[in-house]
Amino acid sequence: MRFDLQLWAEQVRAGDARALARAISAIEDRATGSSDLLKILFPHTGKARIVGLTGSPGAGKSTLVDQMARYYRKENQTVGIIAVDPSSPYTGGAILGDRIRMQERFSVPGIYIRSMATRGSLGGLARTTADVSAVLDASGRNVVLIETVGVGQDEVDIVRLADITIVILVPGMGDDVQSIKAGIMEIADIFVINKSDHEGAERVEREIKTLQSLAIRSDSWVPSIVKTVANEGKGIEELAYAIGEFEGHLKKENLALKRSVQNWQERLLEMLRDAILEKARSHMSDTQLSQYAGAVAEHKRDPYTLVEEIVSKLNR
């Protein structure tokens, strides 16, 4: 088994597409051996630039990711794309049509795209996304682009794992800037105003600048605002430059390691929660869980004492 894992890891590191697909499927399914594979691959991670992109549905994220991937390929950089989709309630599969169209275009060497379905819930998906990005990193990709569907707290958790977070806004979507400022605005390293040829682009830019004037970041970085028209490929070079500028700021101020430490603090807590929950579930059958739930629902037991009892059993 160990030999097979080593061989598998070597194939992933060599960029073998089939080995990569198997590895990602194993991680998504938490299959036997997936954790050991990650242990082998981890020392070979940390070299890729991880970029998270988020924004409201209809903001043109997929088209922007498409254009960014093409730009980096022209610069002779290899690209991995993780597209986090809502899932079909019937099959659990990713259902966004633009992802299918993107996949058709990316049948070229040097670009690997993987669509990840949320399967009805985003719980734990941040960890899975992080693990998948680590595999792509270990496979030698220079850039990993993580695209999320919306702008809720779950998406915040996912893009927070990135080295660089890009928030995409578009004109003409009502109080878009106001509606998402609570979660996403604070973690944006770069703002993109896509479809900037539409009326209202200047207003969106003014709103972003107003919000920026009200909140000063601890790292003293003022997020760049880049205007794009993704379906025409306009503004992509400027966006790549803004990404490079932010990386330069991190290096100059010695902030890259500090940022990584903060990310790992959150990830380690998430991994601990998952591990403890898995251990608790392994000690409890579905029948037992149902009986516990029934006792609480009928007010025969209180859930607080019950949880304390379950946790105390794990320590024995």
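**View 1. Residues at the centre of contacts in the largest nonpolar core.** The largest nonpolar core has 31 residues, of which Leu 53, Leu 64, Met 68, Leu 145, Ile 166, Ile 190 and Leu 239 touch the most other members. The structure shown here and in the other views is a predicted model. Two or more residues of the core come from each of the strands β1 (49–55), β2 (79–85), β3 (111–117), β4 (143–147), β5 (164–169) and β6 (190–193), and from the helices α4 (61–74) and α10 (236–252). Helix α10 gives the largest share, seven residues. In soluble globular proteins, nonpolar side chains tend to be buried together.

**View 2. The aromatic pair Tyr 71 and Tyr 72.** Three aromatic pairs are found in a search of the whole structure. In the pair of Tyr 71 and Tyr 72, the ring centres are 5.7 Å apart and the planes lie at 75 degrees, so the arrangement is edge-to-face. Tyr 71 has a relative accessible area of 21% and is partly exposed, because buried means under 20%. Tyr 72, at 3% relative accessibility, counts as buried.

**View 3. Arginine over the face of tryptophan at two sites.** Arg 22 lies over the face of Trp 8, at 4.4 Å from the ring centre. At the other site, Arg 267 is placed over the face of Trp 264, and the distance to the ring centre is 3.9 Å.

**View 4. A nonpolar patch on the surface.** The patch is formed by Leu 269, Leu 272 and Ile 276, which together have about 300 Å² of accessible area. Leu 269 is located in helix α11, which spans residues 256–282.

Note on methods. Residues are numbered from 1 along each chain as its sequence is written. This is a predicted model: local features need pLDDT of at least 70, side-chain atom pairs count only at pLDDT 80 or more; totals for chains, interfaces and linings use all residues. Side-chain values use heavy atoms; hydrogens and water are left out. Rings of Phe, Tyr and Trp (its six-membered ring) pair if their centres lie within 6.5 Å; planes under 30 degrees apart count as stacked, over 60 as edge-to-face and the rest as tilted. Buried means under 20% relative accessible area, exposed over 50%, partly exposed in between (1.4 Å probe, protein chains only). A charge sits over a ring if NZ of Lys or CZ of Arg is within 6 Å of the ring centre and within 35 degrees of the ring normal. Patches are made of residues with over 30% relative accessible area and no salt bridge: like charges are joined within 9 Å, nonpolar side chains (Val, Leu, Ile, Met, Phe, Trp, Tyr) within 5 Å. Accessible areas come from the Shrake-Rupley method with a 1.4 Å probe; for residues, only the protein chains shown count as cover. A salt bridge is a side-chain nitrogen of Lys or Arg within 4 Å of a carboxyl oxygen of Asp or Glu. Helices (H or I, at least four residues) and strands (E, at least two) are DSSP runs, numbered from the N terminus. A nonpolar core is a set of buried Ala, Val, Leu, Ile, Met, Phe, Trp, Tyr and Cys residues joined through side-chain atoms within 4.5 Å.
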